[in-house]
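Thanks for coming, everyone. Please have the viewer open while I talk.

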Amino acid sequence: MTSKKVFHLFIGLWLICYFTFANAAVILQYHHVSETLPRVTSLSENEFSAHLSYLKDNNYSVVPLQHIIEAVKEQKSIPDKTVALTFDDGFINNFTQAAPILKRFNYPYTIFVNPQLIDEGKSYVMTWPQLKALTKEGAYIANHSAKHDYLHIREDNESLAQWRERIRKDITHSEQRIKQEIGHNFKYVAYPYGEFNRELQTLVKELGYVGIGQHSGAVGLNTDLTRVPRFPASGFYANLDTLKTKIASLPFSFNLKAQSVTTNTTPVLELTFTEKDFNNSQFNCFISGNTAKITWQSENDVTVQSEGELNKGRSRYNCTAPSKSKAGRFYWLSHPFVITK
C-alpha cells in the first residue's frame, strides 16, 4: 500500500472516529423525587441514588447543562459519555429529597422553574431563597415559563401578532425574574408539557433562547437548539435496566420535516440523514398503540407514519437503529406530536 493510500485510510478512520465516537451527550429529565406523589412523574430516593451511582460507576461525566448547549452552539467536540441532569417545575421535594443526594455525588444539575408561581407563594414549589441556596451546591436555575401554560396555544380571538407579544413577555419577564433573584441566567426555556410548534420555535430562536423539550434522544452537534431532546427518567422510565440503553445512546444526524401540532391523526415524519452509521434495514420506529409505516424514499431519506389514527393529545414517534461502529449502542430520536381538533 502506498503512503498516499495509507494517509487517506488514516483520514477516513479519523473522520469515522470523530463523528461516531465523539459528539454524543444525553440529558436526563426528572420531576419529583418522592414515594407519595403520582408515580407517572416520580421516582424514589433509592431509584434516584441508583441512577447516579450507575453514572459514577460507569465513568460518565456529569456536567452542567450549559456545557452541552455551548458545545452545540460553538460546534465544539462533545466527549462521549457526557450527561446532564435536569428537573422541571422546581417542586419542593427537589430541595428536601433530591438535593441531598446530588450533593453527596457532587453532581451539577439544572432546575427549570415557573417564576410567577414562586412569586405567588405556591406551596408545592421552592422559594427563591431555597433555590438560591441550591445554587451554592451545584444547581443552576432556568426558565420554564411564567406559570406552566401551554405556550403554543393561542387564546380565543388572539391574532398571531398578539400571541407572539404575549409569549415574548412571558419568556423574557420570567428570565428577568430569575436573573433578579438568582444572579445568573442562560436564556434557556424548557417547554411546559414538552409541547411546541413551529411558530413557538421561531419565536424562541428570534429571542435568542434555546428551546428544550421532553422528547427522547441523544444530543449531538447537529441538534436543533429550538427542540433539544431529553430522556424522561421518572415513573415508568425510572427502570435502570432500560435507562442504561438510553444513557448510552447516540444522536442521529438528520434534518426533519414535520409539524408538531396538527389536526392530522396520522401525521408524517420526514427525515433526511446527513451522516449514517447504521443500516436502513435496522431502522425501527415505535408509536404507542400503533404500528409505524417506514418508507425509505432514498438511501438517506425516510418517511414514518402511523398506520392507525392517533388519539387527541400528545403522542411520539420514537426511532432507533443499532450503531455499526459501536457495538451494543443505539442511535435514538423522538418527535412529539400534539393532535388537536
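Some ground rules. This is a predicted model, in which local features need pLDDT of at least 70, side-chain atom pairs count only at pLDDT 80 or more, and totals for chains, interfaces and linings use all residues. Residues are numbered from 1 along each chain as its sequence is written, and side-chain values use heavy atoms, with hydrogens and water left out. Helices (H or I, at least four residues) and strands (E, at least two) are DSSP runs, numbered from the N terminus.

Start with the disulfide. The criterion is a pair of cysteine sulfur atoms within 2.5 Å. The count under that rule is one disulfide. Which residues does the disulfide join? Cys-285 and Cys-319, with S to S at 2.1 Å. The link of Cys-285 and Cys-319 is right-handed, with 105° about the S-S bond. Cys-285 sits in strand E15 (residues 284–287) and Cys-319 in strand E18 (residues 313–322), so the pair ties together parts that are 34 residues apart in sequence.

Is Cys-285 buried or exposed? Here buried means under 20% relative accessible area, exposed over 50%, and partly exposed in between, using a 1.4 Å probe and protein chains only. Cys-285 has a relative accessible area of 9%, so it is buried. Cys-319 is buried too, at 0% relative accessibility.

Stay with E15. Its side chains alternate: Cys-285 and Ile-287 point to one face and are buried.

Next, the open sheet. Four strands form it, in the order E12-E14-E17-E16, and the pairing is antiparallel. Strand E12 (253–257) and strand E16 (292–296) are the edges, each pairing on one side only. On average, neighbouring strands of this sheet are turned by 25° against each other, direction ignored. The axes behind that angle are lines fitted to C-alpha atoms, for helices over the stretch in contact, and angles run from 0 to 180 degrees between N-to-C directions. E12 pairs with strand E14 (residues 268–275) in the antiparallel sense over five bridges.

Now helix H9 (residues 240–247). Which residues of H9 are buried? Leu-240, Leu-243, Lys-246 and Ile-247. Seen down the axis of H9, these fall within an arc of 110°, so they line one face of the helix. The arc is taken over the directions from the helix axis to the C-beta atoms. The cover over them includes strand E1 (25–30), helix H2 (45–57), strand E5 (82–88), strand E10 (231–232) and strand E19 (330–339). Contact here means heavy atoms within 4.5 Å. At the start of H9, a side-chain oxygen of Asn-239 comes to within 2.8 Å of the backbone nitrogen of Asp-241.

On to helix H8 (residues 198–206). Leu-200, Gln-201, Leu-203 and Val-204 are its buried residues. They fall within an arc of 165° seen down the axis of H8, so they line one face of the helix. What do the buried residues of H8 pack against? Helix H7, strand E8 (188–190) and strand E9 (210–212). The face of H8 turned away from the buried side carries exposed Lys-205 and Glu-206. Just after H8, Gly-208 takes a positive phi of about 85°.

Last, the single residues. Ser-145 lies in the loop between strand E7 (139–143) and helix H7 (160–182). Ser-145 is buried, at 0% relative accessibility. Leaving aside neighbours within four places in sequence, its contacts include Val-113, Asn-114, Pro-115, Asp-170 and Ser-174.

Asn-157 is in the loop between E7 and H7. It has a positive phi of about 60° although it is not a glycine. At 82% relative accessibility, Asn-157 is exposed.

Asp-89 is not a glycine either, yet has a positive phi of about 95°. Asp-89 is in the loop between E5 and helix H4 (92–105). At 10% relative accessibility, Asp-89 is buried.

That is the tour.

Methods
Two strands pair if DSSP finds at least two bridges between them. A polar contact is a pair of N or O atoms within 3.5 Å; within protein, one must be able to donate a hydrogen and the other to accept it, and residues adjacent in sequence count only if both atoms are side-chain atoms.
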